[in-house]
Every structure is written in structure tokens, then in C-alpha cells.
Amino acid sequence: MSAPNKQYDPVEVAALSAEAVAAARDEALAAIAAARSLDDLKAVRVAHAGDRSALALANAEIGALPPQARAEAGKRVGAARRDVAQALSQRQEVLESERDRRVLEEERVDVTLPWDRAPRGAEHPVTMTSQRLTDVFVAMGYEVAEGPEVEAEWYNFDALNFPPDHPAREMQDTFFVAGPEASARSGIVLRTHTSPVQIRAMLTRPLPLYVVSPGKCFRSDALDATHSPVFHQIECLAVDEGLTMADLRGAINAFVEAMFGEGLRTRLRPDFFPFTEPSADVSMECHVCRGASTRPGGAPCRVCRSQGWIEIAGCGMVNPKVLVACGIDPDRYSGFAFGLGIERSLMIRHGVTDIRDTLEGDVRFSRAFGMEI
Ligand code: FA5
């Protein structure tokens, strides 16, 4: 059942008289003209054009009029509401452009204000060390080569002459992402060293080849003062005609002098890596005591533990089997490679005793390295 008709039916309603509508319209126009801000105008819009405004309520009364009176009342109220809506939108435009002008003036940047009070960000010391090491090789003419951190087992081990049952595979304590069922030929690992980039470079780049590969490596080593399950290495590889151990030694010496100090001697001692033959570990003369701690009466040295030498890298001549696996003729070409830990280089260079300082993200540690960017 429909609601009963309004009690004033069928009389004309006072709110719809020409005077009442004109008064409501004039009051609205005056309020709109008086609005000084967009917030004021919003309040005026609610009061004079909202659902509870005099003109909206008058509009709602039209339906209760006798049919013959509706058209005229509708025209009157409609015209008044249009006037109010038009005035509102004009005022809105004026107030918005005033606001925009004010914002442009008030929010101007004062380029004369002092600017260097907020601390600037900086690259992490490990990143800085990696870039510095890379720069040393780039300055010697090497190109930067990169490879994936999630690597095919074939690149990480097989192509580097690690046989399937070689104990070195376990020695490296590998994180396996997928077993050999992942593909017909190879499982997937988190790379345990940057040496797979050697293979990728030899397979894809023209000879002669001089590349340096910095990057992240993963081993399931427990976190302690000198080991982390995630760390960085940098590796250099040269393949050319007639390269010998003397070239390897020359590259290592140039690198050590550039990174740790002029005139530091280096020492190679036999070691074993399946992908280099012969292989060696590289030590350099301690850059802090320069061997003085080993001489009678010399003060003890914390950095080399008074040994006079610090082990820094593994190296060797690229194993001819690896060259063959990459389609390179070992009778014509020979190569050398060496690789070292970036955190370890940072620790040696700056006397840091705990690798955990390099990964905990404490700004007090990073700050000591300055704001180099
Ligand atoms: C290798 O990984 C060889 N690929 C290096 C190489 C390259 C030899 C080219 C010959 C030719 P090794 O396993 O020794 O070698 O690791 C090299 C360096 O990585 C170490 O000397 C050490 O500085 C760093 N390193 C290894 N494991 C960790 C670890 N868990 N945390 C931090 N640094 C590590």
C-alpha cells in the first residue's frame, strides 16, 4: 500500500512560493560568494545544494502539489537550483586556481638553503670492495662477465672437470635446487663459486679472452667468524695464445699492488682445483707488518697472526680438459685463472675480524667506510 498523501494536500506549500524559492536561492548565492576557501565552499555546498538544503526540500514537495501547480513550481525550483549549481562551479574554479597559485608560490624550493645536513646513503662496503676489485681488472683491460646465481650443475661442476663422484662436489657443500631429474643432462644448484662464469665466457665470447667476474656464491657452510652461507667471489680468466704461469704471476702481482699496496711480494704454493692444472694458492706479504712481525724483536701482527703472509686466492693454468669442454684447441691456446673471496679481501684490507659484520647491516660498521658513492 502506498503512503498516505501529505497532510497539506491539495494546498500549495509555503516552501514553494516564488518568494521562498528566491530567498533560498539568494541566500545560497550570497554564501557561495562569501566562501573564502575550498573547505568553506564544501560546507556551503552541503548547506545550500545538499539533500537537506532548503531548495532540495522544496523540490521534494513538488510531488505533493495539485497537478496544475506542479509545472510552474518545478520550473521555479529547477531554475533556482541551476543558478546555485552554476555559482558553485564558478566559485570552485576561482578558489582552485587561487589555491594552485598559492601552492606554487609557497612551495617554491629555496635553492639557497643549506642542503647537506641530512646523511646521504652509501653503497655497502662489500659492494664498494667488489667495485674496487673489478676496477683493478678493468684497468688492466679485462671485460666484466656475469652469470646466473642459480646455475646448472653442468656449468658449476661437470664442465669444470669435477667428475660426478669427485669428493670436491661434497667438499663444496652445495645447495641443490633440483636433482639431475630436472633436465636430461644436469641438476640445478646455487652456484658455489664464480668459476662457472669461466665456462659461460669461453663458450660465448671470441678469443683471446680476458674477463673478470664478480658475484654472489652460496655454500651450506655454517655462519661463523670467517664463513657465511652467502658470500661473494671475484674471478679472473685469461685465454690467449702463449699464456704461461709467468703471465698469471704478473696479473696477480699487479692486482695485489693495486689493491693492497705497492711493492708487496706474492707467493704461490701448490694446491689442487680440478679446473686448473697446475694449481696454486696465492699468498701476499702482510700489508700491515710487511713481515716485520716474523723477525726477532718484531711487534706481533694481528692481521697476519705474525706469519708475515696472508692467503688471498686460488689460481692456476686452465686445465686443457676444460678448454676442450668449451671447444677451445689446447694446442693453440692456454689460459690462467684466479679467484678470491670479496668479504675476505675486505676483511684483510680493513682489518675486520668477523665476517658477520659485513652482513648484519649495522650502519655503524658501514659508516666507518665513509660515504663513498
Ligand atoms: C674456489 O672457489 C675456486 N673457484 C677459486 C679459483 C678460481 C681457483 C680460479 C682457481 C682458479 P675456494 O673454495 O678456495 O676456491 O674459495 C675461494 C675463496 O672464496 C676463499 O679463499 C674464501 O675467501 C672464499 N670463500 C669460500 N667459502 C666461503 C664462505 N663460506 N664464506 C666466505 N667466503 C668464502
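Phe 338 is buried, with a relative accessible area of 2%, where buried means under 20% relative accessible area, exposed over 50% and partly exposed in between, computed with a 1.4 Å probe and the protein chains only. The model is predicted, so that local features need pLDDT of at least 70 and side-chain atom pairs count only at pLDDT 80 or more, while totals for chains, interfaces and linings use all residues. Residues are numbered from 1 along each chain as its sequence is written, and side-chain values use heavy atoms, with hydrogens and water left out.

The structure holds ten aromatic pairs, a pair being counted when the ring centres of Phe, Tyr or Trp (its six-membered ring) lie within 6.5 Å, with planes under 30 degrees apart called stacked, over 60 edge-to-face and the rest tilted. Phe 137 and Phe 338 form a tilted pair, at 5.6 Å centre to centre and with 50° between the planes. Because Phe 137 belongs to helix H5 (residues 125-139) and Phe 338 to strand E10, this pair ties together parts that are 201 residues apart in sequence; helices (H or I, at least four residues) and strands (E, at least two) are DSSP runs, numbered from the N terminus. Both Phe 137 and Phe 338 are buried.

Phe 338 also pairs with Phe 255, again in a tilted arrangement, with 5.9 Å between the centres and 55° between the planes. This second pair links distant parts of the chain, since Phe 255 lies in helix H9 (residues 245-260) and Phe 338 in strand E10, 83 residues apart. Phe 255 counts as buried at 1% relative accessibility. Together with Tyr 142 and Tyr 210, the residues Phe 137, Phe 255 and Phe 338 form one aromatic cluster.

In total 22 residues surround the ligand, the closest being His 193, Ser 195, Arg 219, Asp 221 and Ser 228, where a residue is near if one of its heavy atoms lies within 4 Å. The shell divides into seven nonpolar, eleven polar and four charged residues.

An N or O atom in the side chain of His 193 is 3.0 Å from a ligand nitrogen atom, a polar side-chain atom of Arg 219 lies 2.9 Å from a ligand oxygen atom, and a polar backbone atom of Ser 228 is 2.9 Å from a nitrogen atom of the ligand. Taken alone, the ligand exposes 680 Å², of which the protein buries 86%, the areas coming from the Shrake-Rupley method with a 1.4 Å probe.

Conventions:
Polar contact = N/O pair within 3.5 Å; in protein donor to acceptor, adjacent residues only side chain to side chain. Nonpolar A, V, L, I, M, F, W, Y, C, P; charged D, E, K, R; others polar.
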